[in-house]
Amino acid sequence: MMESVGIICGVILGLFGSVFSVVQFFYQRHKDKEQAAIEAARDKAQAAIEAARDKVQAEREAQRDKAQDLKDRLIFLTQVIIDKDIPRESRQPFFEEYIAKGGNGTVVKFWLENK
């Protein structure tokens, strides 16, 4: 009789352990799905922040490149305007472009003084 009670207790505990294991499996799977959803939302928000940051940086670089291009063009125009080996009439369009692009200062003074 004692052996039967021991066997019955063992079977009941084994079944309980099996049921508990299955319940734990489904509970953990549910928690993993919730965590994955949270991480996906966080990753999406982080990607949006990085995209906005990249856009701002690209705009800054574009502005910097545009300013550098203007500066380079003004330097080229200055060199052409100051070059006395080129006839004044041939340098006139370069001077007009220099003024149109916002150039001023000593180059304009040089142009006006050397007629």
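Glu34 is partly exposed, at 35% relative accessible area, and Lys31, its salt-bridge partner, also counts as partly exposed, at 35% relative accessibility. This is a predicted model, and it holds two salt bridges. The other one pairs Glu97 with Arg73 and takes us to where helix α1 (residues 2–82) meets helix α2 (residues 88–100). From there, α2 leads on to its contact with α3.

**Salt bridges**

- Lys31 and Glu34 come together with their closest N and O atoms 3.8 Å apart.
- Both Lys31 and Glu34 sit in helix α1, three residues apart, or about one turn of the helix.
- An α-helix has 3.6 residues a turn, so residues three or four places apart point the same way.
- Glu97 and Arg73 join their side chains in a salt bridge of 2.8 Å, N to O.
- With Glu97 in helix α2 and Arg73 in helix α1, this pair ties together parts that are 24 residues apart in sequence.
- Glu97 is partly exposed, with 24% relative accessible area, and Arg73 is partly exposed too, at 29%.

**Helix α1**

- α1 runs to 81 residues, which should span 120 Å at 1.5 Å a residue; the C-alpha atoms at its ends are 116 Å apart, so the two figures agree.
- Its buried residues are Leu74, Leu77, Thr78, Val80 and Ile81.
- The cover over those buried residues includes α2 and α3 (106–113).

**Where α1 meets α2**

- The two axes come within 9 Å of each other and cross at roughly 145°.
- It's a left-handed crossing as α1 passes α2.
- On the α1 side, the contact is made by Arg73, Leu74, Phe76, Leu77, Thr78, Val80, Ile81 and Ile82.
- Sort the contact residues by class and you get nine nonpolar, one polar and three charged.

**Helix α2**

- α2 has 13 residues and reaches 18 Å from its first C-alpha to its last, close to the 18 Å expected at 1.5 Å a residue.
- Arg91, Phe95 and Tyr98 are the buried residues here.
- Those buried residues of α2 pack against α1 and α3.
- After α2 comes Gly102, which has a positive phi, near 95°.

**Where α2 meets α3**

- The axes of α2 and α3 come within 12 Å and cross at roughly 150°.
- Here α2 passes α3 in a left-handed crossing.

Notes. Residues numbered from 1 in each chain as written. Predicted model: local features only at pLDDT ≥ 70, side-chain atom pairs only at ≥ 80, totals over all residues. Heavy atoms only, no water. Axes fitted to C-alpha atoms, helices over the stretch in contact; angles between N-to-C directions. Helix = DSSP H or I, 4+ residues; strand = E, 2+ residues; numbered from the N terminus. Left-handed = near helix turned anticlockwise from the far one by under 90°. Contact = heavy atoms within 4.5 Å. Nonpolar A, V, L, I, M, F, W, Y, C, P; charged D, E, K, R; others polar. Expected span 1.5 Å × (residues − 1). Buried < 20%, exposed > 50% of the residue type's maximum accessible area, 1.4 Å probe, protein only. Salt bridge = Lys/Arg side-chain N within 4 Å of Asp/Glu carboxyl O.
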